[in-house]
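Me: I would like to learn how to read a protein model step by step. Could we go through one together?

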Amino acid sequence: MPVRRAAGGPPGVAPVPAAVSEDPAVPVPVPVPARPHLAVLGPLAPFAADPAVTDLLVDARGGLWLDAGSGLLPARGWTPLDALQARRLAVAVMAAGGRHLDDATPCVDARIAGIGRAHAVLPPVSTGGPVLSVRIARTAPWRLAHLEAAGMLTADEAQVLRAAVRARRNLLICGPAGSGKTSLLAALLAEAPPTERIVTVEDVAELVVDHPHVVGLEARQANTDGAGAIGLERLVREALRMRPDRLVVGECRGPEIAELLSALNTGHDGGAGTVHSTGTAGLGARLEALGALAGLSADALGRQVRAAVDLVVHLTRADGRRRVERIGRFSPDPGDGLAVVDLP
């Protein structure tokens, strides 16, 4: 049976809805995306073409929310999708990333070349209707000067971090979701000498680094038969066999924390990683939870962390603004646990 193609979009995707002017009777033509490859996003494409937009979220009622730097706001000019349209859109977006989304695999992550990361969930796992989340990757890599100009960090903070990279200090960047951890990490890696080889390990590849020698490894999920999965823990071990001058784990969320700490403690200086944390006060507990997944006791993890991590950078996001909240280090006193203290 032939696949029905919706007008103006890829197979099975609802047509792009017209935007609405102040007078609802007068339709406003939807602008053509500046990046042709955005067409795989179907009706999301015109909104993704806005360079300020970082996230597009289709909710369970078919509405669209955007984050353009000021927090989530409903998209103007968006015609809500019905459940079938939303499902078709989610299936098509995941297919663009080489993943299959259906009732048997209702939760899927995908990286879409030239666009970024996407995630979709179908009912009944999503209780209200199909939901789709798209994180738009920046086309041009970040540099510290860009982040400084954007107000993420001060000139003094940029200098401290730049010096730490050049001195091959091991860095841990933490913060809540959407606080700019990946952006800051990419900007810091760009400060590494061009003669060094950087190997990055990510669950879904997002790092875009302005550096001539970056090798990226991305985790692979199991196929429909439940085979073929390659996790971060294994990829960290593979990366160590690739002669990295700097080993980077894009986001530590499981037992790979033990592999990273072991590498940083055995001569692989200049490495880095990110971890989700709401604040430096809770960072120790977060790391202990990850260490427990790898079979490490709190004491063993604490010794590894204090020996491996030279600098902690905590980011925050408030009123839509991402910024460096604190630069510190783990207390060298075991009696303090994994408390973060200010730099001397």
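Reply: What follows is a conversation about confidence, sheets, a helix and a single residue.

Me: Where does this model come from, and how should I count along it?

Reply: This is a predicted model, in which local features need pLDDT of at least 70 and side-chain atom pairs count only at pLDDT 80 or more, while totals for chains, interfaces and linings use all residues. Residues are numbered from 1 along each chain as its sequence is written, and side-chain values use heavy atoms, with hydrogens and water left out.

Me: What is the mean pLDDT of the protein?

Reply: The term pLDDT stands for the predictor's confidence in each residue, from 0 to 100. Its mean for the protein is 86, and 90% of the residues reach 70 or more. Over residues 1–34, however, the pLDDT is below 50, although this stretch has 57 contacts in the model beyond near neighbours in sequence, a contact being heavy atoms within 4.5 Å. Where pLDDT is low, the predicted coordinates should not be read in detail.

Me: How many helices and strands are there in the protein?

Reply: Helices (H or I, at least four residues) and strands (E, at least two) are DSSP runs, numbered from the N terminus. The protein has 9 helices and 16 strands, and buried residues make up 44% of its 344 residues. Here buried means under 20% relative accessible area, found with a 1.4 Å probe and protein chains only, while exposed means over 50% and partly exposed lies in between.

Me: How do I read a sheet, and which strands stand at the edges?

Reply: Strands of a sheet pair through backbone hydrogen bonds, either parallel or antiparallel, and two strands count as paired if DSSP finds at least two bridges between them. An open sheet of 8 strands has the order S11-S10-S12-S13-S9-S14-S15-S16, with mixed pairing. S11 and S16 (340–342) stand at the edges, each with a single partner strand, so one side of each is left without a neighbour in the sheet. S10 and S11 run parallel and are joined by 5 bridges.

Me: Which order do the strands of the antiparallel sheet have?

Reply: That open sheet of 6 strands has the order S5-S4-S3-S8-S7-S6, and its edge strands, S5 (72–74) and S6 (107–112), each pair on one side only. Within this sheet, S3 (residues 55–58) and S4 (residues 64–67) pair in the antiparallel sense over 4 bridges, and the bridge partner of Val 58 in S4 is Leu 64.

Me: Is Glu 259 buried or exposed?

Reply: Glu 259 is buried, with a relative accessible area of 19%. This residue lies in helix H7 (residues 256–264) and, leaving aside its neighbours within four places in sequence, is in contact with Glu 233, Val 236 and Arg 237. Val 236 is also one of the buried residues of H6.
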